[in-house]
Amino acid sequence: MFSKGSRSIRQLLMSLSIGLAVVGLILGTVLTFLGGEWHKTGLHFFTEAGAGISLTWKLDGLTAFFLCILLLGQSFSSLYALGYLQEYEEKKKPLRSFYVSWFLFLGSMFGVLLADDGFTFLLTWEMMSLFSFFLVLYEHEDLQNRKAAYIYLIMTHVGTVFLTAAVLYLYAMSGSFAFEVWAKAAPTLTIIQLNLLFIAFFIGLGTKAGFVPFHIWLPYAHSAAPSPVSSLMSGVMVKVALYLFIRLVWLTLGPGPVWWGWLFLAIGALSALIGILYASVQSDIKKLLAFSTIENVGILGMALGSAFLARSWHNAWAMDLALLAFFWHTLQHMLFKSMLFMGAGNIIQATHTRNLERLGGLLKRMPKTGLGALIGIIGITALPQLGGFWGELLLFQSLWVNTSQLLNGWSKVVLPLFIGLLALVGGLSIATFVKWFGISFLGQARSLVAEKAKEAHPVQVITPLIMSGLAVLSVLWPAGTLALINLPLLVMRDGETLGIGSVIGKPIHMTSVYLMIFSLLLLTVVILSKRKARRVTPTWNCGSPLTPSMQYSATGLTKPIRILFAKVLGSHRQVDRNFEGTPYSLHSLNYEGEIKAVFEDIFYRPLIRGLLWVATQIRKLQEGNIHLYLGYLLITMIVVLILAR
Amino acid sequence: MFIGVAMIAAVGMLLSTKYNYLRLLNSVALLLLTVSGGWTIRQTLSQGSYTYGSGLLYWDALSALLLSVIIMIAVYVILFSFGYMEAEIRENRFPKERLRWYYFWIWIFIATMLLVVSTPNLGIIWVGIEGTTLATTLLVGFYRNKQAVEAAWKYVILCTVGISFALLGTMLLFAAASPLLGQSLSALDWRMLPKVASQLDPTLFRLGALFAVVGYGAKVGFAPMHAWLPDAHSQAPSPVSALLSAVLLNCALYAILRWYSLARLTTLGPDLIGTILMCFGFLSLALMAGFILMQKDIKRLLAYSSVEHMGILALGFGLGTRETIWGASLHLVLHGLTKANLFVIIGNLVQKTGTRHMSRIHGVFKLWPYTGIIMILGLLSITGTPPFGTFRSELSILSGLFKTGHPILGFLTLLFLTVIFAGFLYHFLQMLYGQPNESQQPGEGISTLILAIPLLVVLFLGLFIPQSLNQTLNQVVQVILGGV
Amino acid sequence: MDESLMVLTRLLMGLGHLALFLVAAPLLQGFIKTSKAFWQMRQGPSILQPYRDLRKLLNKEELISEHASWMFLLTPRIALVSTLMAALVIPNAWGWAPLSGWGDLFLFGASLGLVRLFSTLSGLEGASTFGGMGSSRELFVGLLTEPALLLGLIVLAFITGTTSLQGMTSGLVTISPIFIPRLLVLIALVMVSIAEMGRIPVDNPDTHLELTMIHEGMLLEYSGTSLALLSFAEQVKQLLLLCLLAQIVWPSGLISASDGLLGLLWALGFAGVKVAVLGFFFATVESFFVKRRLFLLPNYLATSTAAAILALVSLWFIRGQI
Amino acid sequence: MVGISENMLNLFLFVLLTSGLIIVYSTRVKKALNWWTLQTIVVSILILVQGVYSREWEVLVVGVLLLIGKAGIIPILLRRVLRESKTEWVGEIYLKRTSSLVVAGALTLLAYDVTKPLVTLSQPGFRFGLVVGLALIFYGLLLMMIRKVAIVQVLGLLLIDNGIFIAGFFLTKGMPLLVEMGSMFDILIGIVITVILSKQMLENYHSLNVDHMRSLKG
């Protein structure tokens, strides 16, 4: 079958990766409990890079939180990969490049989180993009994947252009790369400079985070990558970008004008809505998840926006709530989205298709995977009693507090609308994930592959379950989660020092109570409603036999949404019926429906077309005629002579 | 002395056509070259400058830097061309007995370049530069087919014309200086000139500098005078292309730098030349972005990227702050190494696939994994992606742009670099992945990886820049800023 | 010692709260049915019929589709429990909710959302067309109702300055019933709860015509115990919504335990009357209107959302904060 | 120019300029070549006279070399190629002979204009010398741009070279010997190489028409 050597290598490397993560977690915990001022002031250390430049690193509370996220993500994804990679070995696909980029990718993410100066940041940031690009490219046999990887790298590179510009500008202004120096220099800048810098950072980081309209790469890349990688990218890498928003905008550029908060809020809301809308009409299980990542990033953006607003309105309570919501949701989304990607990975390995329309009835064949996925969707749709819900509750509350604390102004009308919008997003996400889970796991198998599906490698089913256990724990022991979240808050709160406990009312502390009551009630109901007599019968279908094709298809399930939002999705359908002579017997019917990628059409295609046009024009300069070239020479000479007189 | 080595070697090449003889002779010559050159460099760096003979040969940090680049790349390229050229003969691209002429011209070429960087005299520099043109013309036209002849013709005509402007410039300088330093060589000697720089006749010097910069600029291949460059690079045998882009362009740039550092001391001041250089640089970047994006021929692609990098260097030197000059000098070395490596590996590829059309090359990774790896490394390095050294050098040049108050220019430069990156990535992905066509036979020795040495050096320099190199670079900055 | 006593009493009160809802839910259902019968000029079933139905279903043998999995049996339990969780934050006749805390109005909405998730999922379990249809429509209606419901409640929260339903109820006492934002919110919430309860003009609870049914579609495969649990959950939810409305319409008569047993009874009776009136009102609506097409629903619910937003704007206008 | 009277000098310059113009104007390659040879001879005479007068052997050597090297060897080489390729007409392209003459005039004015700041410099006739030099350079470029026969382009190159030489001669009494020799040597080799190239061109294209060579684009 496949060589023993490669297997042992796999086990060795992946367990190494897990081991590193676990060690890191333990160290972190120890460090945290040792206490001290480090999570406020930060631990500094640096590596010499020659020529007067040294890479400086810093570990403070904020970094610690995201490191925790990263380490969790790393350990779980590695555990999952342990099982997942087996398939490649069976296919005799060399894994060398995968391992190399895997570790370098993780390493560069650590670098980005720890970086304490612009140079280090740019260095590690680019490396992060690069190695994730190689991971996305791993299944390069498929042209689509290559395209995805290409779009991904180009988009992030364009983003990096803005980042580099901003970094260099700050460098030029402050004469140093160090973040602290920037933070000191920021107040001296004019408001225009600040705004420009903010916009540059927003575009640069927003591209990585996947804010609409910079999101177009995300669905392709996240769905093209192998599932462990997708779960890392969606669960962790996106968060790294958000971390930088805090590090570079919140902590470095300072409060800034009110509209920054509004921009975050608006773009966040837009991303959430667009993301979930596109997710709801996808039929590709991984694309759907990727789009839902965009949605959740949007929600996180809204939380950040609310925090920014509260900060500029000096509304400590709302700010704390918003930040709490932000970090809470960051953690939860990491867990749930990774779980879902792993579930998707199992399905893909079991059926070798990503198309919902060909799945169905998997819950019977892969029950454990199904359980994990079910918990996952409850979490991701932000429904009680799992963590996802509490995050949104906090966000709602922070928006509400923000509004009610405002003295006056139209903001009091606009802010609540975001609550309504968030509710709409929630409804849509329920629809989306009902589709995702229901069509793939429930009902009848829609194709032979789904019929033949087998439960995945034990590691691959255990990992999501462990993660769901962790998710439950985070709700059962909110104090622990809050303690973790308190780390970054200590760094971010400027001035006042009251702990979260004091400002946060009881619900968030009572998550455990709610959960326990819920499970008690469930238990009683289950016990009370124990019935002996049960009989398995065919589904009633008005007497006619039931075929798989009679079920609702994935497309059909969300059709009302597609019709309602036809304008946004640019969706259109074409049905041509072919009647045999008489209009009573339908001979054949051909249905075509498509969803337009509106943003690509509006923003990117014209841009690229323009670029290529210019390039072709430039190429005309070189059309092989030596006389012309001599002409260039003469003209240059003359121009220089005349201009420089 | 190593010029002598090169000359003798060149003549020696003509004596026999046996492979082994040629290999032996070349290796010996290279050894001597390295030893003597290395010794000179050590002398120069330890004393800051080094005079040989009756002051006809003279080196300071800047020349030493160039000298080291020339030697490194000459060694790398000639060792590579053993295997390569013999393979070419086997595919009978040219008759066996012409091989010696190949080596002859290459050694002449090297000799002239060595001359350029070893003389303190602007006049002799001109002679040397013109010499390189002549030495390479027949190398460019080496295959003697239609395209080769065409390329060679364009090359010689355009470069000679350009260079002759430079000669005029030199004469004007001489006219300005001879009243002060007498009708002798010393009137063109940049050890003497700075002493009288302030009394030089401004109008004469200004005119001279303009002619010189434009003239040598044509040789460097600044847009829009770059037209000859892609043709020459794409038609020459790959080792020659490597030498051309990695060293020759730098030598021409070196001549400009001498003028530039002289101009800084005169009443003319740095601004005029600096601005002209920056305009050239920016123009080159902007235009090359377009060419690279739409390129079909892989060697032309590399050639255009050389022009682009010359543009970056011009920006760096033209800005004229310590930081940018430092970065530019570093970039000069790194680009040399990277480009040489790329040309070599691509030459291999072209030899294997028998085509230069990127749209006809697929699945390199499947067929020749090591070549693929090296190509990836080269791609990253040439596009200035971290952790490669080019990232650092480009970053310091860019930061200079921002510092001197051209944020818009800096931003545009970044954009152009991105477009170039996009172009490169697109072409390389197309070649590296996908289904290879059946005709090619896969497989290659791991020994291929030896070719990656320069790139590994670049990579290392990206992570850590040793103190000694840093010192050298600072000396170079000193030379350019302070004249002597 | 005494705080454990506190906890104990709290627990008992909570159980009582739940019990009250559990008991009252079928009664309300029966009352609505009878009042519909009244408008339809026919002899309706007895008001206790729902109890009997439940008992009957509980004792019946249960049929399970061959395509169904363990989710199929999980759903009814979850549905009931989650509805009860919602019940725990709804202020009862005495304006008291066991688990009240800030933000619990979101908890209310979300719990109903959980019910929706599971019921729509198990709609797909049967692998039949009807189930899928039901789920699809239910999801559609759901995503439209959610914003309206939340916005309506939010506005109340702004009026009373708290996001806990209990606090809102007690806060509303002091506010005049004809306070305009409040009326607008009322309109919004009434429309929403019609959608939530699955009644005309959104859905027709007592038909199994594939063209019209939404909620019933998903239940089609259920029988016996599970069906009993599901419909029971439905009834509880209905009661919850009516209670909510009742407390908004006229939240007076909240007499705390201090007024002794009589007071308690009086409050209970008062609340009961309010709920009954509302129930009659809905019955009336249901008898006088017709079911709208599915794709007319967006306009319908948009109206309610608009009402909520209008309420918001008017609130700030009246308070002179814009 | 001490040693040569003002008018004499101007005459020389006039001859140089007109010969340049005639080269641009002429339609036969051979004629252009002859005129160039004449020009070179005049230049070398100029130098020799200067050398004789100022008794600088360096200058004399340069002059002699010029006479032998440029006026001697190069024309022979070029003639041989011409004979082989049987080319007679300079291939006019873009500009006919008359219009090219006009452009040449314009370029002369430009050269005049460029050297305006140098009026202040010493020595009589100095500036005109420079102007003529520049003008010849520009003619050379023009010639290369508007004629398609390879040899004519070489002629253009040589014209430029003469121009530079004249300019240099009038700017300073010749560069240091080393440089002079170097440049002279370079030119010679250059011509040899171009001759070789044009032979190869003949093999490949069977004509010296540069215009055929347009395969390398973009």
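Biologist: How many residues of chain B are in contact with chain A, and how many of chain A?

Modeller: Two residues are in contact if their C-beta atoms, placed from the backbone, lie within 7 Å. By that rule, 45 residues of chain B are in contact with 39 residues of chain A. This is a predicted model, in which local features need pLDDT of at least 70 and side-chain atom pairs count only at pLDDT 80 or more, while totals for chains, interfaces and linings use all residues. Residues are numbered from 1 along each chain as its sequence is written, and chains are lettered from A and ligands numbered from 1 in the order in which they are written.

Biologist: Which element gives the largest share of the side of chain B that touches chain A?

Modeller: Helices (H or I, at least four residues) and strands (E, at least two) are DSSP runs, numbered from the N terminus. H17(B) gives the largest share, 12 residues. By class, this side of chain B has 36 nonpolar, seven polar and two charged residues. Here Ala, Val, Leu, Ile, Met, Phe, Trp, Tyr, Cys and Pro count as nonpolar, Asp, Glu, Lys and Arg as charged, and the others, Gly among them, as polar.

Biologist: Which pair of chains shares the most contacts?

Modeller: Of the four pairs of chains in contact, it is chains A and C. Their contact takes 64 residues from chain A and 65 residues from chain C. H18(A) gives the most to the side of chain A, with 15 residues. That side has 38 nonpolar, 19 polar and seven charged residues.

Biologist: How many bridges join E3(A) to strand E1 of chain C?

Modeller: Two strands pair if DSSP finds at least two bridges between them. Four bridges join E3(A) to E1(C), residues 62–65, and the two strands run parallel. Within this pairing, Thr537(A) stands opposite Ser65(C).

Biologist: How far apart are the closest C-alpha atoms of chains that no contact joins?

Modeller: For chain B and chain C the distance is 41 Å. For chain C and chain D it is 57 Å.

Biologist: What radius of gyration does chain D have?

Modeller: The radius is taken over C-alpha atoms, and the globule rule is 2.2 Å times the number of residues to the power 0.38. With 218 residues, a compact globule would have a radius near 17 Å, so the 18 Å of chain D agrees. Chain D has seven helices and zero strands, and 48% of its residues count as buried (20 or more other C-beta atoms, placed from the backbone, within 10 Å of their own).

Key:
Buried ≥ 20, exposed ≤ 12 C-beta atoms within 10 Å, placed from the backbone.
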